[in-house]
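This briefing goes through a structural model chain by chain and helix by helix. Please keep the sequence and the coordinates at hand while reading.

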Amino acid sequence: MKNQTKTRSKPTKIKKGKNPFLIPTFRFLFVTISVMLILLLYVSQSSVTVFFEQWTSISLQWILNILHIKTRLTGNILLLLDGTQIKFQIVPDCTGIFPLIILISLLVGYPSSFVKKFYGILLAFFYTFLFNYLRLVLLFVIARKSVHWFEIAHIFIWQVSFVFLIVSYFFWWMQWKRKIKQK
Amino acid sequence: MEKKNKTEITPFPIAFDFISFFKPFFLGFSIAFLILLPFTSLLSTGKVVIIRWIISLLFRNNPPYIHQIPFYRSISISGPTFFGLCFAHSKTKPMSSFFSKKNLIPFSLAVVLLWILELFGNLLEIIVTKMKISSFLPNFTLAFFLSVGSISFPLLLWFLLFFRLPRATGT
């Protein structure tokens, strides 16, 4: 903790009458929200939404087949063929695209060099999708055993885990960026 | 050289140590989440009452049907996220200076704002679905206010508050 206060950089002072866009925090917020809106406008188009849903459904069924979990795919609905035999509808929230959009927006908005942002986004892409597939596979494993535990895992654990995913990745990237700078 | 220094300026007056920041965040989030959990049902009922009232004003003749949300589906994660971030931030300085009277007002306002944004998202979702505009607008509204907003709004609001706090306390 002591080291942290020692390495603390001076807060940026705001002069009266200065253009708010020149204040780093406002610029960060403006860029982040703008990027987020642009990406969401693109992703919210039905053709893009359908593509992501289909892609997630097909790839998930492929992974489940490898793990010997039998399912039948109809459109974006996956039906468990054994255990509780429940149906899963893959919706945009299941595709992992929203955490990725948040991370891309934060990394683009945060003041840093293009290369660091590029590596950050590239790693975020793999990190988010890997995490999402792990989440989906585990949900299927739980759902095979119990619908009740599936509801708890789906709503409580995984919703919360996305918060930890984003916060942990973003702060890890900030630390990594600083370490690279110090080297 | 001057240009290089300019790009390296960080708006956040803290050198983040990932582990020492994430641990209190996790603790703060868990505390807030566990405190809110017993009140989730009450909060969702309150939210539905407000939404029904606004909807009845907007669609006097033919209001859409709104069902009561099961308690586990109405868990709000934006509040605990915001509290977790503020809690972790408070660990970087004496807690009393962070949660001082001056800072408690913007903190409380931010919590209320987060709740209003969530309510607004639910309301917009119902309106655009009722009006059957297209699939694009409900998709976008839902994604912005609920899916993305529930995580990004507290984070961005914390950044805004975080920046203001040193000024308020005179550091």
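Predicted model: local features only at pLDDT ≥ 70, side-chain atom pairs only at ≥ 80, totals over all residues.

Helices here are DSSP runs of H or I with at least four residues, and they are numbered from the N terminus. By that rule B:Pro106 lies in helix H6 of chain B, which covers residues 101-131.

**Overall make-up of the chains**

- Chain A contains 6 helices and 3 strands, and read from the N terminus its elements follow the order α-α-α-β-β-β-α-α-α.
- Chain B, in contrast, has 7 helices and 0 strands, so that its order from the N terminus is simply α-α-α-α-α-α-α.
- Of the 183 residues in chain A, 30% are buried, and for the 171 residues in chain B the buried share is likewise 30%.
- When contacts between residues at least 6 apart in sequence are considered, 60% of those in chain A join residues at least 24 apart, while the corresponding share in chain B is 81%.

**Helix H2 of chain A**

- Helix H2(A), residues 24-43, has 20 residues and spans 28 Å from its first C-alpha to its last, which is close to the 28 Å expected at 1.5 Å a residue.
- The buried residues of H2(A) are A:Thr25, A:Phe28, A:Thr32, A:Met36, A:Leu39, A:Leu40 and A:Val43; because they fall within an arc of 100° when seen down the axis of H2(A), they line one face of the helix.
- On the face of H2(A) that is turned away from this buried side sit the exposed residues A:Ile38 and A:Tyr42.

**Helix H4 of chain A and its contact with H2**

- Helix H4(A), residues 97-109, has 13 residues and reaches 18 Å from its first C-alpha to its last, close to the 18 Å expected at 1.5 Å a residue.
- H4(A) is mostly covered, with 12 of its 13 residues buried, and among these buried residues are A:Phe98, A:Pro99, A:Leu100, A:Ile102, A:Leu103 and A:Leu107.
- The axes of H2(A) and H4(A) come within 8 Å and cross at roughly 145°, and the crossing is right-handed.
- Which residues bring the two helices together? From H2(A) they are A:Phe28, A:Val31, A:Thr32, A:Val35, A:Met36, A:Leu39, A:Leu40 and A:Val43, and these meet A:Ile97, A:Ile101, A:Ile104, A:Ser105, A:Leu106, A:Val108 and A:Gly109 in H4(A).
- The residues of this contact between H2(A) and H4(A) divide into 12 nonpolar, 3 polar and no charged.

**Helix H5 of chain A**

- Helix H5(A), residues 114-145, has 32 residues and reaches 47 Å from its first C-alpha to its last, close to the 46 Å expected at 1.5 Å a residue.
- The buried residues in H5(A) include A:Gly120, A:Ala124, A:Thr128, A:Asn132, A:Leu136 and A:Phe140, and A:Ile142 and A:Ala143 are buried in H5(A) as well.

**Positive phi values in loops of chain A**

- Most residues other than glycine have a negative phi.
- A:His68, which is not a glycine, has a positive phi near 60°; A:His68 is placed in the loop between helix H3 (46-66) and strand E1 (71-74) of chain A.
- A:His68 counts as exposed because it has 7 C-beta neighbours inside 10 Å, where the cut-off for an exposed residue is 12 or fewer.
- A:Gln85 is not a glycine either, yet its phi is positive at about 55°, and A:Gln85 lies in the loop between strand E2 (77-80) and strand E3 (87-89) of chain A.
- With 11 other C-beta atoms within 10 Å, A:Gln85 is exposed.

- Is B:Pro106 buried, exposed or partly exposed? B:Pro106 has 16 C-beta neighbours inside 10 Å and therefore counts as partly exposed.
- B:Pro106 and B:Leu27 are 79 residues apart in sequence, and their C-alpha atoms are 22 Å apart in space.
- B:Phe153 is placed in helix H7 (residues 136-169) of chain B, and B:Phe153 is buried, since 22 other C-beta atoms lie within 10 Å.
- Leaving aside residues up to four places away in sequence, B:Phe153 touches B:Ser78, B:Leu114 and B:Leu117.
- B:Leu114, one of these partners, is 39 residues from B:Phe153 in sequence but 7.2 Å from B:Phe153 in space, C-alpha to C-alpha.

Key: Residues numbered from 1 in each chain as written. Chains lettered and ligands numbered in written order. Axes fitted to C-alpha atoms, helices over the stretch in contact; angles between N-to-C directions. Left-handed = near helix turned anticlockwise from the far one by under 90°. Contact = placed C-beta atoms within 7 Å. Nonpolar A, V, L, I, M, F, W, Y, C, P; charged D, E, K, R; others polar. Expected span 1.5 Å × (residues − 1). Buried ≥ 20, exposed ≤ 12 C-beta atoms within 10 Å, placed from the backbone. Arc of directions from axis to C-beta.
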